[in-house]
Amino acid sequence: MEEKFKVASGARKKQLVTALARMLAIDLWRLNTGRTTLEALGFAAAAAVVIRVKRSPKTASRVEGKTAPSKVASRTPAIA
């Protein structure tokens with residue numbers, strides 16, 4: 001396959017990359033929607049990996065179904 005890239009012009013390379021990206025996007029969509037499996041695509045699933053994402057308090061509250069704390073400033077003056 002490398003020989004094809006050596007002979008291909010710049011425009012043809014762009015077409016090949018675009019075609020591969022489209023095929024990848026379609027396969028990822030099929031995996032995400034459950035229309036196919038990794039095995040059907042010729043892949044073997046790796047061991048399960050847990051990825052923890054740090055979320056801002058605003059985002060975390062939306063994910064958990066809670067409302068974000070209000071940012072209303074206190075109207076009482078501070079006593080010094």
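Predicted model: local features only at pLDDT ≥ 70, side-chain atom pairs only at ≥ 80, totals over all residues.
Good morning. A search of the whole structure finds one salt bridge, the term meaning a side-chain nitrogen of Lys or Arg within 4 Å of a carboxyl oxygen of Asp or Glu. Residues are numbered from 1 along each chain as its sequence is written, and side-chain values use heavy atoms, with hydrogens and water left out.

Let me begin with the overall layout. The protein chain has three helices and zero strands, and its elements run α-α-α from the N terminus on. Helices (H or I, at least four residues) and strands (E, at least two) are DSSP runs, numbered from the N terminus. The accessible surface of the protein chain comes to about 8,100 Å², and 60% of that belongs to carbon and sulfur atoms; accessible areas come from the Shrake-Rupley method with a 1.4 Å probe, and for residues only the protein chains shown count as cover. Of the 80 residues in the protein chain, 5% are buried. Here buried means under 20% relative accessible area, exposed means over 50%, and partly exposed lies in between (1.4 Å probe, protein chains only).

I now turn to helix α2. This helix has 24 residues and reaches 35 Å from its first C-alpha to its last, close to the 34 Å expected at 1.5 Å a residue; the expected span is 1.5 Å times one less than the number of residues. After α2 comes G34, with a positive phi near 80°.

Which residue forms a salt bridge with D27? The partner is R30, and the closest N and O atoms are 4.0 Å apart. Both D27 and R30 lie in α2, three residues apart, about one turn of the helix. An α-helix has 3.6 residues a turn, so residues three or four places apart point the same way. D27 is partly exposed because its relative accessible area is 25%, and R30 also counts as partly exposed, at 37%.

The loop between α2 and α3 holds T36 and L41. Is T36 buried or exposed? At 17% relative accessibility, T36 counts as buried. Leaving aside residues up to four places away in sequence, T36 touches D27, R30, L31 and L41, where contact means heavy atoms within 4.5 Å. L41 is partly exposed, at 27%, and its C-alpha is separated by 9.3 Å from that of L31, ten residues apart along the chain.

Finally, I51 lies in the loop between α2 (10–33) and α3 (57–64). At 69% relative accessibility, I51 counts as exposed.
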